[in-house]
Amino acid sequence: DWEVKKSKVKFTGRYGDSAKMGDYSQGGQVNVTIPDRFVIYRDDTLDYLTTDASDQYHVHTITKLCEAMQLVCHSGGYRMNTIGSIRNGKEVWFMASTENDRNIAGEQFKRNVLIGTSYDQTKRSFALCSDVATVCSNTLNYSINTADDIFRVSHREKYNPEKVVGDLRQIEQAQNDTLEQIETLANTKVSATEIADFFRAVSETLPIPKKYAKEPEAFKQEVINALVDSYTDAPGGWLTDTRVESRVGTLHGATQAVIHYVDFKMLTTLTGKSKANRFNRAFFGDGAKLKNRAFNMALQQAA
């Protein structure tokens with residue numbers, strides 16, 4: 001139960017020995033206010049979230065985000081299920097889901113809406129749709145960095161919940177168009193050799209970790225092996241009891257393997273525990289970019 005506030009930057013300064021300014025004698029202290037710089041802080045702990053916001057910075061408050069999600073749920077038939085903050089409150093997010101499953105390439109997915117913002121000037125406020133596979137919890141957030149699939153509001157603008165709802169409808173339409181591409185991938189048959197080549201191409205887009213600097217091929221092979229394992233043995237894989245037919249020997253299956261690798265291997269520890277920055281990486285960082293690259297590579301191969 002906390003809110004985000006904005007306050008002018010102030011500091012206590014001490015004049016040097018050679019200074020004589022009005023009533024301040026040598027070594028005197030003075031409180032200084034910087035009129036055009038602001039601290040953004042949380043009002044429950046007074047922890048600062050950034051110390052260098054400008055006078056043009058609009059706080060997109062948690063209350064306004066709540067209002068936007070309330071409107072989204074009312075207008076779109078969603079149900080709020082998760083509210084969270086990360087990095088000590090520097091980022092907050094809200095997630096709601098529909099009650100109804102949707103069918104994509106012969107398997108069931110649940111549609112989610114995610115809205116949020118950051119208060120440390122690293123991210124604009126956003127709203128996006130995300131589909132999660134019922135069988136394996138793979139998160140479909142293809143092309144998340146394009147204007148059609150994610151709605152962003154600069155902190156130079158006031159936050160308008162009504163506008164969020166309107167733009168979200170456009171995002172949903174763009175995502176529905178993407179479903180046709182997924183169906184195309186599901187209908188594109190590929191051989192075991194072609195899938196292996198696809199996984200190798202994906203591995204070659206990843207930066208080589210320092211510990212593999214002298215053995216880059218070993219790192220690539222490790223990634224390929226993990227992708228193959230996700231393709232065959234992850235929930236929905238063709239060697240499992242939950243096998244999804246549209247993934248067997250198709251580019252859809254290959255891209256789902258990449259998504260599973262990102263969500264459940266790349267962004268988790270060896271014990272399966274989520275890494276602290278998993279949320280950010282899966283939706284906006286290197287994990288999201290890897291999913292996008294794999295999807296676009298698959299589309300090119302299907303063309």
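Modeller: Start with a cavity. Helix 5 gives the most to the lining of the second largest cavity, with four residues. Bear in mind throughout that the model is predicted.

Biologist: Which elements supply at least two residues each of that lining?

Modeller: Helix 4 (216-233) and helix 5 do. The lining of the second largest cavity includes Ser230, Tyr231, Gln256, Ala257 and His260. The volume of this cavity is about 60 Å³.

Biologist: What makes it a cavity and not a pocket?

Modeller: In a cavity a 1.4 Å probe fits but cannot get out, whereas a pocket is an open set of points. The structure holds two cavities of 30 Å³ or more.

Biologist: How do the residues lining the second largest cavity divide by class?

Modeller: Four are nonpolar, six are polar and one is charged. Arg247 is in that lining, and Arg counts as charged.

Biologist: Why is aspartate 263 called buried?

Modeller: Its relative accessible area is 4%, and buried means under 20%. The value of 4% lies under that cut-off, so aspartate 263 is buried.

Biologist: Where is aspartate 263 found, and which residues does it touch?

Modeller: Aspartate 263 is in helix 5. Leaving out residues up to four places away in sequence, aspartate 263 touches Ser137, Asn138, Thr139, Thr268, Arg278, Ala282 and Lys291.

Biologist: On to the rings. How many aromatic pairs are there?

Modeller: The count comes to three aromatic pairs.

Biologist: Why is the pair of phenylalanine 198 and phenylalanine 199 called tilted?

Modeller: The ring centres are 6.1 Å apart, and rings pair if their centres lie within 6.5 Å. The planes of phenylalanine 198 and phenylalanine 199 are at 55 degrees. Stacked needs under 30 degrees and edge-to-face needs over 60, with the rest counted as tilted.

Biologist: What makes the pair of phenylalanine 199 and tyrosine 231 edge-to-face?

Modeller: Here the centres are 6.3 Å apart, and the planes are at 70 degrees. The distance is within 6.5 Å and the angle is over 60, so the rings pair and the pair is edge-to-face. This pair links distant parts of the chain, with phenylalanine 199 in helix 3 (residues 192-203) and tyrosine 231 in helix 4, 32 residues apart. Phenylalanine 199 and tyrosine 231 are both buried.

Biologist: What do the ring pairs link into a cluster?

Modeller: Phe198, Phe199 and Tyr231. Phenylalanine 199 also touches Ile224, Leu227, Val228, Ala254, Ala257 and Val258.

Biologist: Which residues of the largest nonpolar core touch the most other members?

Modeller: They are Leu114, Phe198, Phe199, Val258, Tyr261, Phe283 and Leu290, in a core of 46 residues. Helix 5 gives the most to this core, with eight residues. Another core lies apart from it, with 28 residues, among them Ile40, Ile62, Val113 and Ala127.

Biologist: Finally, how many helices and strands does the protein chain have?

Modeller: There are seven helices and nine strands. Of the 303 residues in the chain, 49% are buried.

Methods. Residues numbered from 1 in each chain as written. Predicted model: local features only at pLDDT ≥ 70, side-chain atom pairs only at ≥ 80, totals over all residues. Heavy atoms only, no water. Core = buried A, V, L, I, M, F, W, Y, C linked by side-chain atoms within 4.5 Å. Buried < 20%, exposed > 50% of the residue type's maximum accessible area, 1.4 Å probe, protein only. Contact = heavy atoms within 4.5 Å. 1 Å grid on protein atoms, 1.4 Å probe; cavity = no way out; pocket = protein on both sides within 12 Å on 5 of 7 lines; lining within 4 Å. Points joined across faces, edges and corners; volume = space filled by probe spheres on them. Phe/Tyr/Trp six-rings, centres within 6.5 Å; stacked < 30°, edge-to-face > 60°.
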